[in-house]
Amino acid sequence: MYRLLLKHKLISTVIITAVLCAAISPFLWKIRSDAWIYAIFYLFFAVLSFGFVESSSDRLMRTASKALSEGCDPTPLLSETKEQLKYVKHGVANQLVLLNYTVALGYMGEYSGVIETLETFDTDKYKFLSPYRGFINMIYYNNMSDAYDELGDFENASLWHEKTMISAKKLGMSNSKEIILAKALENLRKKEFKAALETLESFKGKTLLDSVCASMVYAKVYIGLGEKEKAKEKLDFIVENGNKLYMVEQAKKMLENI
């Protein structure tokens, strides 16, 4: 149902509004309401219907995201975002789908694709229309930083990290799990291994994906500190639980090099 609503937004909104108006009209007629009361109710139902139809994208995305967070499988999210981009082509909704698309690409190991996609992203567009603009920008900056980090371009990774930290501070999210991992990665880039461990102490993951991502950062820190056994323990956890399309292969290569 949600897919159908999303594909035919205007028609769906009109139909739902019409049904709601038809349901309330006999009551309004019975109490002999003035025309302006009809107009207020009809306008309210139109807004309500529009919001319900717009939420279809988020409902479908949450189902796909669950496979990633709980099973470390980015394939459903990649498929869902590709499908939604066919008809969610404008506005803040399009930007949110694009961000989720780059998240899926990242977990597939396609970091060049992440950067290429995000370079088309206009962070100033719709800034006065969305209460989520600050959050959208923070995720955008962090995704760029992660992509450059994975590609070995640490200078650009650090530049985007600075933007991420500024946005996180404004939002009061400096201690969120995503930002803590971002801080630890910045410590790694600077070869501040002990500082990275201290940063990771405050990390509190809730999902399997959180544990796998944190394990990868821990493994890199332990390698930097020369603590090979601890690194192997974290990498073994990734091999057993991680995303088979990229992170598991990455962990296996790191194990071979230890």
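Me: Which residues do ring pairs link into a cluster with Trp160?
Reply: This is a predicted model. A search of the whole structure finds five aromatic pairs. Ring pairs join three residues into a cluster here: Trp160, Tyr140 and Tyr141.

Me: Stacked or edge-to-face: what is the pair of Tyr140 and Trp160?
Reply: The two ring centres are 5.6 Å apart. The planes stand at 90°, and planes over 60 degrees apart count as edge-to-face. So the pair of Tyr140 and Trp160 is edge-to-face.

Me: Which helices does the pair of Tyr140 and Trp160 link?
Reply: The two residues are 20 apart, and the pair links distant parts of the chain. Trp160 belongs to the helix that covers residues 154-171. Tyr140 sits in the other helix of the pair, so the answer is α7 and α8.

Me: Is Tyr140 buried or exposed, and what about Trp160?
Reply: Buried means under 20% relative accessible area. Tyr140 has 6%. Trp160 has 16%. Both values fall under the cut-off, so Tyr140 and Trp160 are buried.

Me: Over which rings does the charged end of Lys163 sit?
Reply: One ring has its centre 5.6 Å from the charged end of Lys163, and that ring belongs to Trp160. For the other ring the distance to the centre is 5.9 Å. The rings are those of Trp160 and Tyr141.

Me: Stacked or edge-to-face: how do Tyr218 and Tyr222 pair?
Reply: Tyr218 and Tyr222 both lie in helix α11, four residues apart, about one turn of the helix. Their ring centres are 5.9 Å apart. The angle between the planes is 20°, and under 30 degrees counts as stacked. The pair of Tyr218 and Tyr222 is therefore stacked.

Me: What relative accessibility do Tyr218 and Tyr222 have?
Reply: Tyr218 counts as buried. Tyr222 counts as buried too. The values are 17% for Tyr218 and 11% for Tyr222.

Me: Which helix supplies the largest share of the lining of the second largest pocket?
Reply: This pocket holds about 230 Å³ of space. Helices α7 and α9 each supply at least two lining residues. The largest share is three residues, and they come from α9.

Me: How many charged residues are in the lining of the second largest pocket?
Reply: The lining includes Asp149, Glu150, Arg189, Lys191 and Lys220. It also includes Phe154, Leu185 and Tyr246. By class there are five nonpolar and two polar residues, and the charged ones number five.

Me: Is Lys191 buried or exposed?
Reply: Lys191 lies in the loop between α9 and α10. Its phi is near 60°, a positive value in a residue other than glycine. Most residues other than glycine have a negative phi. The relative accessible area of Lys191 is 62%, and over 50% counts as exposed, so Lys191 is exposed.

Me: Where does Cys72 lie, and is it buried or exposed?
Reply: Cys72 is not a glycine, yet it has a positive phi of about 60°. Its place is in the loop between α3 and α4. Relative accessibility is 1%, so Cys72 is buried.

Me: Which residues does Asn187 touch, leaving out those up to four places away in sequence?
Reply: Asn187 is found in helix α9. At 11% relative accessibility, Asn187 counts as buried. Its C-alpha atom is 9.0 Å from that of Leu197, ten residues apart along the chain. Asn187 touches Glu192, Ala195, Ala196 and Thr199.

Me: What separates the C-alpha atoms of Leu245 and Pro74?
Reply: Leu245 lies in the loop between α12 and α13, and at 45% relative accessibility it counts as partly exposed. Beyond residues up to four places away in sequence, Leu245 touches Pro74, Thr75 and Met108. Leu245 and Pro74 are 171 residues apart along the chain, but their C-alpha atoms are separated by 8.6 Å.

Me: What share of the contacts with a separation of 6 or more comes from residues 24 or more positions apart?
Reply: The protein has 13 helices and zero strands. Of its 258 residues, 44% count as buried. For contacts with a separation of 6 or more, residues 24 or more positions apart account for 58%.

Methods. Residues are numbered from 1 along each chain as its sequence is written. This is a predicted model: local features need pLDDT of at least 70, side-chain atom pairs count only at pLDDT 80 or more; totals for chains, interfaces and linings use all residues. Side-chain values use heavy atoms; hydrogens and water are left out. On a 1 Å grid over the protein atoms alone, a cavity is a set of points where a 1.4 Å probe fits but cannot get out, and a pocket is an open set with protein on both sides within 12 Å along at least five of seven lines; lining residues have an atom within 4 Å of a point. Grid points are joined across faces, edges and corners, and a volume is the space filled by probe spheres set on the points. Ala, Val, Leu, Ile, Met, Phe, Trp, Tyr, Cys and Pro count as nonpolar, Asp, Glu, Lys and Arg as charged, and the others, Gly among them, as polar. Rings of Phe, Tyr and Trp (its six-membered ring) pair if their centres lie within 6.5 Å; planes under 30 degrees apart count as stacked, over 60 as edge-to-face and the rest as tilted. Buried means under 20% relative accessible area, exposed over 50%, partly exposed in between (1.4 Å probe, protein chains only). A charge sits over a ring if NZ of Lys or CZ of Arg is within 6 Å of the ring centre and within 35 degrees of the ring normal. Contact means heavy atoms within 4.5 Å.
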